[in-house]
Amino acid sequence: MTRAAEFLQLLGDDDRAALGEIGRRVAADRPDVLLARGDAADRVLVLESGRVKVTVPTTAGTDAVLTFRGPGALLGEQALVDELPRSADVTAVEPVTLLVIPASAFRTFLRDRPSVALAMLAMLSSRLRASDRRLAEFAAADTLGRVCARLAELCDTYGEAAGGGSVRIALPLSQEDLAGWTGASLESTAKALRALRQLGWITTGRRAIEVHDVDALRNRAP
């Protein structure tokens, strides 16, 4: 399964060009917080390059990783739609370039260009379906199964051929990030990764994972 098209990929050339005219481009780097939980919805961001993570704090004092987003993603649109404070933090995990668009300008853009509004609805629907799948997975799988599912997803979305049939995950992912995304403790996630290394399915380094048997991960995932 590959990641659904991001917002920019859903727009036509004319709409993309017009969008670029109503925002300003900025650069950021890891670990800059691009949008903060609790802030007012005064702007949206369009990610032009690089990747970010979306997180919320837990009662255990750790961060739950809701998702990662890559080039083309629209960020901050939920708070814009419901006009409530932001519900999550968006943090750069590597150097990024962004288009920053004031909320009022983006609302006018959506009103004047119905095709863009429909593209945003399609994107929101896709994200909701992905969230539903994740909830079902959490109810049915153990930690090892969920780690396998996340690694297989990363191979699909951020994988690069590494030779010999292996896939290198081109995302600077820490064990803490993977644990937060898997919904498991750091200890349980480390144990799952150790088991996968012993099986010969993966090798790991500092913020680096190489998968040697993607099919095995898929078969073990829920």
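Me: How many strands form the open sheet, and in which order?
Reply: In this predicted model, 4 strands make up an open sheet, ordered S2-S7-S4-S5, with antiparallel pairing. Strands here are DSSP runs of E with at least two residues, helices are runs of H or I with at least four residues, and both are numbered from the N terminus. Two strands pair if DSSP finds at least two bridges between them.

Me: Which strands stand at the edges?
Reply: Strand S2 (33–35) and strand S5 (63–69) do; each has a single partner strand, so one side of each is left without a neighbour in the sheet. From one strand to the next, the twist averages 35°.

Me: Before continuing, what are the ground rules for numbering and confidence?
Reply: Residues are numbered from 1 along each chain as its sequence is written, and side-chain values use heavy atoms, with hydrogens and water left out. Because the model is predicted, local features need pLDDT of at least 70 and side-chain atom pairs count only at pLDDT 80 or more, whereas totals for chains, interfaces and linings use all residues.

Me: How many bridges join S4 to S7?
Reply: Strand S4 (residues 52–57) and strand S7 (residues 89–92) run antiparallel and are joined by 4 bridges. Val54 stands opposite Val90 in S7.

Me: Which helix packs on the sheet?
Reply: Helix H6 (residues 175–182) does, touching S4 and S5. The direction of H6 makes about 95° with that of S5. Contact means heavy atoms within 4.5 Å, and axes are lines fitted to C-alpha atoms, for helices over the stretch in contact, with angles running from 0 to 180 degrees between N-to-C directions.

Me: Is Lys53 buried or exposed?
Reply: Lys53, found in strand S4, is buried, with a relative accessible area of 16%. Buried means under 20% relative accessible area, exposed over 50%, and partly exposed in between, with a 1.4 Å probe and protein chains only.

Me: Which side chain does Lys53 join in a polar contact?
Reply: The side chains of Lys53 and Asp177 are joined by a polar contact of 2.7 Å. A polar contact is a pair of N or O atoms within 3.5 Å; within protein, one must be able to donate a hydrogen and the other to accept it, and residues adjacent in sequence count only if both atoms are side-chain atoms. Leaving aside neighbours within four places in sequence, Lys53 is also in contact with residues including Val65, Thr67, Phe68 and Val90.

Me: Back to H6. How many of its residues are buried?
Reply: 6 of the 8 residues of H6 are buried, so H6 is largely enclosed by the rest of the structure. The buried residues are Asp177, Leu178, Ala179, Gly180, Trp181 and Thr182. They pack against S4, S5, helix H4 (114–140), H5 and helix H7 (186–199). Gly183 follows H6 and has a positive phi, near 75°.

Me: At what angle do H5 and H6 cross?
Reply: The axes of helix H5 (residues 143–158) and H6 cross at roughly 110° and come within 10 Å. H5 and H6 are therefore roughly perpendicular to each other. Angles under 35 degrees count as roughly parallel, over 145 as roughly antiparallel, 65 to 115 as roughly perpendicular and the rest as oblique.

Me: Which residues of H6 meet H5?
Reply: Leu178, Trp181 and Thr182 in H6 meet H5 residues, among them Thr143, Arg146 and Val147.

Me: What does Thr189 touch?
Reply: Thr189, in helix H7, touches Thr143, Val147, Gln175, Leu178, Ala179 and Ala184, not counting residues up to four places away in sequence. At 0% relative accessibility, Thr189 counts as buried.

Me: Changing topic: which strands pair with S8?
Reply: Strand S1 (residues 24–28) pairs with S8 in the antiparallel sense over 5 bridges, and strand S3 (residues 43–49) pairs with S8 in the antiparallel sense over 6 bridges. Ala27 has Thr97 in S8 as its bridge partner, while Leu45 stands opposite Val100 in S8. Strand S8 (residues 96–102) is mostly covered, with 5 of its 7 residues buried.

Me: And where does Gly164 sit?
Reply: Gly164 is in the hairpin of S9 and S10, which has 2 residues between the strands, and takes a positive phi near 65°. Strand S9 (residues 159–163) and strand S10 (residues 166–169) run antiparallel, joined by 4 bridges.
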